[in-house]
Amino acid sequence: MNLLEILIALPAAGFLVTLFIPRKQEHLTRSFTLIVSLLAFVLSLGLVTGFETGKPGQQFVDNVVWIANPDIHWHVGIDGLSLWLIILSTFLTPIAILVSWRYIHKQVREFFAFLLLLEFGLIGVFAAWDLFLFYVFWEVVLVPMYFLIGIWGHDRRIYAAVKFFLYTMAGSVLMLVAIIYLYTLAGTFDYATILDLFRSGRIGLSHTEETLLFLAFFVAFAIKVPLFPLHTWLPDAHVEAPTAGSLMLASVMLKMGTYGLLRFCIPLFPVAARENASWINVLAIIGIIYGALVAMVQPNMKKLVAYSSVSHLGFVVLGIFSFTQMGLDGAVYQMLNHGISTGALFVLVGMMYERRHSLAIKDFGGVATAAPWLATIFLITTLASIGLPMLNNFVGEFLILQGVAQAKFAWTAFAAIGVILSACYMLWMYQRVFFGTQGKEPGETVKHHMPDFNVREWLCVVPLVVMMVWMGIVTQTFLPAVSATDASILDQAGTASALARPPVPPTGGITHGGSLHAR
Amino acid sequence: MTFWGDYRGHGHPHESSWTMLGPLVVLAVLSIVGGFVFNVPEILSGMFPIKEATENGGPGEMVLTGISVAFGLAGIALSWLMYVVNKDIPEKITSSLGGVYTLVYNKYFVDEAYDAAIVRPLVQGSESVLWKTVDAGLIDGTVNGMGTQSQGVGSLLRLLQSGNIRSYATWVVIGAVVVIVVMGVTR
């Protein structure tokens with residue numbers, strides 16, 4: 001068992017043990033799960049220190065046969081792409097547990113146990129190198145989230161949970177069909193082996209096959225991202241979910257979609273990915289602008305942040321399908337950034353809900369007077385989300401826009417509108433909630449039930465703010481590992497597409513998804 | 001108007017504490033003598049590579065400085081005249097200019113025009129068209145419609161599952177007859 005496997009096993013073991021804690025020992029439950037999640041975080045830092053940047057392939061690998069027939073492997077490993085997403089998961093789980101400390105009153109044991117199960121699934125998704133194993137972890141993640149929304153959510157929680165589950169499931173099943181098709185070709189579910197078979201030319205796909213398989217994977221991931229117009233499960237799920245659910249959903253689970261695009265769609269089906277890049281990028285840009293405009297008019301803070309996620313994730317998809325080094329780097333960086341800053345927004349909005357039992361913007365006003373520290377941290381998070389220099393989102397958005405400009409400048413121009421609109425909706429919300437008056441009564445502001453942070457809440461927000469600044473300034477901590485992996489993904493996409501097709505005359509063909517000067 | 005004239009505020013004005021006054025004094029002194037003490041153009045020329053503006057020093061520069069200072073002083077004198085010495089003047093100017101005054105007073109209504117042309121259509125369009133019609137109506141309607149459709153098909157098919165063995169047997173017989181007839185016809 002290597003460190004990565006211990007890290008996968010720890011939350012699963014924690015989940016099982018939590019189920020045996022007596023139901024009345026609520027405090028013990030909370031403390032135990034917090035300790036397990038903190039331990040997992042500390043362990044995950046070992047992945048960072050032990051990670052060798054620039055070393056090709058996966059690290060912390062273990063590859064043993066799980067089921068001999070059909071050929072399914074327990075194959076786990078990480079590279080620069082999955083490393084930071086795993087760290088993001090282990091970093092946010094303790095925060096999710098801390099924000100739920102007083103928020104959850106019913107079935108406390110199950111709630112905190114499910115958070116650990118969720119962490120187990122998330123780490124597994126990002127570590128799996130076998131398609132079957134990946135699919136199993138992908139579905140494992142759905143289960144705790146379904147219950148988190150369905151049991152501890154707000155009024156329309158059942159509707160939201162069922163919609164979330166069915167919608168994601170519909171996409172996953174398409175992906176499962178494609179995975180099985182690949183198995184019939186390759187005779188194995190092991191992803192690394194399948195890639196090798198493709199690259200060496202021992203198996204190949206016809207153009208139609210490749211396009212259909214690409215679309216099957218793509219739709220599954222696009223629902224998870226979510227890419228316009230497959231996004232409508234997201235606002236419902238976010239509004240109804242408890243704070244910890246929204247946090248994990250927005251910060252990590254959406255990244256499963258963009259991770260899948262990068263990990264599987266592009267290396268497996270490079271030609272189809274390039275051919276379809278145009279309309280995908282158009283959808284991404286529509287998502288960026290549309291998400292921002294709809295976010296602007298939301299009367300509910302959580303729904304506003306949810307639609308802003310549609311906009312932000314549009315940037316990530318755009319960066320991925322620019323097929324440029326900077327575009328991919330920015331996309332991965334933005335995945336992490338969005339996890340931190342939007343996660344922080346959900347945490348803060350959740351804290352405000354705990355105080356006023358409302359998420360409606362009109363029920364707030366003048367909060368800055370009553371809770372100045374809350375207002376300060378919220379403002380920093382707002383500015384990070386808008387993408388101000390020195391804060392994390394700036395780096396990601398800048399790299400994406402730069403990379404996309406290399407591919408097609410018009411895309412950058414349209415996407416940049418989203419940056420302006422993000423300032424509109426975030427600052428407008430900030431103004432109405434933290435300054436001004438509550439409702440229509442002049443001069444009336446939130447005076448009651450609006451205490452400032454307590455110690456536990458400080459512990460939740462400080463790490464997030466530290467990361468916003470750190471990722472905004474010291475990008476070298478994170479980017480080298482990401483860049484190296486992105487380069488190899490682009491390399492795979494380039495060589496594989498060259499192999500799969502005869503050389504294309506310079507005037508037409510594969511460049512129409514984006515120009516090929518990738519590196 | 002801020003420093004002279006009748007008091008129009010509500011609070012009790014007081015002199016600022018030294019923590020505010022100190023930096024203000026430093027800034028005030030520097031704003032008067034700073035230009036003479038430090039060679040500002042030389043310091044800034046490193047940041048702005050275009051050097052033309054900094055090179056026409058000499059007597060011309062002093063003349064320019066003098067003119068701008070003179071204009072500034074004239075402005076101060078004029079406002080002293082209008083708002084402190086003879087307070088009727090602004091009133092007269094306002095009434096004689098009429099519409100022009102209103103136009104200028106409202107900054108040529110640029111804010112209002114911007115609000116009407118861009119902000120309000122964007123906000124209202126986003127709310128009524130994008131959110132309520134496209135998002136909640138069209139897209140989400142399609143999603144939920146697929147759910148409703150499957151439920152509808154299911155409730156129709158449910159009628160077949162009556163649990164009545166005899167009706168199942170009838171269906172089997174009818175089905176068999178249909179299959180045989182079809183096979184006979186197509187042969």
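Student: In which helix is C460(A) found?
Tutor: In this predicted model, C460(A) belongs to helix α19 of chain A.

Student: Why does C460(A) count as buried?
Tutor: The relative accessibility of C460(A) is 0%.

Student: What is C460(A) in contact with, leaving aside its neighbours within four places in sequence?
Tutor: C460(A) touches I95(A), L98(A), V99(A), V347(A) and M351(A).

Student: How do the axes of α3 and α19 of chain A run?
Tutor: Helix α3 covers residues 80–99 and helix α19 covers residues 455–473. Their axes come within 9 Å and cross at roughly 155°. Angles over 145 degrees count as roughly antiparallel, and α3(A) is therefore roughly antiparallel to α19(A). The crossing of the two helices is left-handed.

Student: Which residues of α3(A) and α19(A) meet?
Tutor: From α3(A) they are F91(A), L92(A), I95(A), L98(A) and V99(A). From α19(A) they are R456(A), L459(A), C460(A), P463(A), L464(A) and M467(A).

Student: How does the contact of α3(A) with α19(A) divide by class?
Tutor: It has ten nonpolar residues, no polar ones and one charged. Arg counts as charged, so R456(A) is the charged residue in this contact.

Student: What makes α7(A) and α10(A) roughly parallel?
Tutor: Helix α7 (residues 191–200) and helix α10 (residues 243–268) of chain A pack at an angle of about 25°, with axes 11 Å apart. Angles under 35 degrees count as roughly parallel, and that is therefore the description of α7(A) and α10(A). Their crossing is left-handed.

Student: Which residues form the contact of α7(A) with α10(A)?
Tutor: Y191(A), I194(A), L195(A) and F198(A) in α7(A) meet R263(A), F264(A), P267(A) and L268(A) in α10(A). By class, that is seven nonpolar, no polar and one charged. Because Arg is in the charged class, R263(A) is the charged residue here.

Student: Which residues have the most contacts inside the largest nonpolar core?
Tutor: They are F217(A), L268(A), F321(A), M352(A), V367(A) and F434(A), in a core of 205 residues. L268(A) is also among the α10(A) residues that meet α7(A).

Student: What does V367(A) touch, not counting residues up to four places away in sequence?
Tutor: V367(A) touches M352(A), L374(A), V433(A), F434(A), V446(A) and M450(A). M352(A) and F434(A) are themselves listed with V367(A) among the residues with the most contacts inside the core.

Student: What percentage of the residues of chain A count as buried?
Tutor: Of its 519 residues, 64% do. Chain A has 20 helices and two strands. Among its contacts between residues at least 6 apart in sequence, 81% join residues at least 24 apart.

Student: Why is V143(A) called partly exposed?
Tutor: Its relative accessible area is 34%. Buried is under 20% and exposed over 50%, so V143(A) falls in between and is partly exposed. V143(A) is in helix α5 (residues 131–152) of chain A. The C-alpha atom of V143(A) is 9.4 Å from that of G121(A), a residue 22 places apart along the chain.

Student: Why is H357(A) called exposed?
Tutor: H357(A) has a relative accessible area of 60%. The cut-off for exposed is over 50%, so H357(A) qualifies. H357(A) lies in the loop between α14 (325–356) and α15 (367–370) of chain A, and it has a positive phi of about 55° although it is not a glycine.

Student: What is phi of F109(B) near?
Tutor: Phi of F109(B) is near 55°, a positive value in a residue other than glycine. F109(B) sits in the loop between α6 (99–105) and α7 (110–158) of chain B. At 34% relative accessible area, F109(B) is partly exposed.

Student: Which residues does a cis peptide bond with omega of about -10° join?
Tutor: That bond joins V225(A) and P226(A). Another cis peptide bond, with omega of about 0°, joins F228(A) and P229(A). P226(A) is in the loop between α8 (207–224) and α9 (233–240) of chain A, and P229(A) is in the loop between α8 and α9 as well.

Technical notes:
Residues numbered from 1 in each chain as written. Chains lettered and ligands numbered in written order. Predicted model: local features only at pLDDT ≥ 70, side-chain atom pairs only at ≥ 80, totals over all residues. Heavy atoms only, no water. Core = buried A, V, L, I, M, F, W, Y, C linked by side-chain atoms within 4.5 Å. Buried < 20%, exposed > 50% of the residue type's maximum accessible area, 1.4 Å probe, protein only. Contact = heavy atoms within 4.5 Å. Axes fitted to C-alpha atoms, helices over the stretch in contact; angles between N-to-C directions. Helix = DSSP H or I, 4+ residues; strand = E, 2+ residues; numbered from the N terminus. Parallel < 35°, antiparallel > 145°, perpendicular 65-115°, else oblique. Left-handed = near helix turned anticlockwise from the far one by under 90°.
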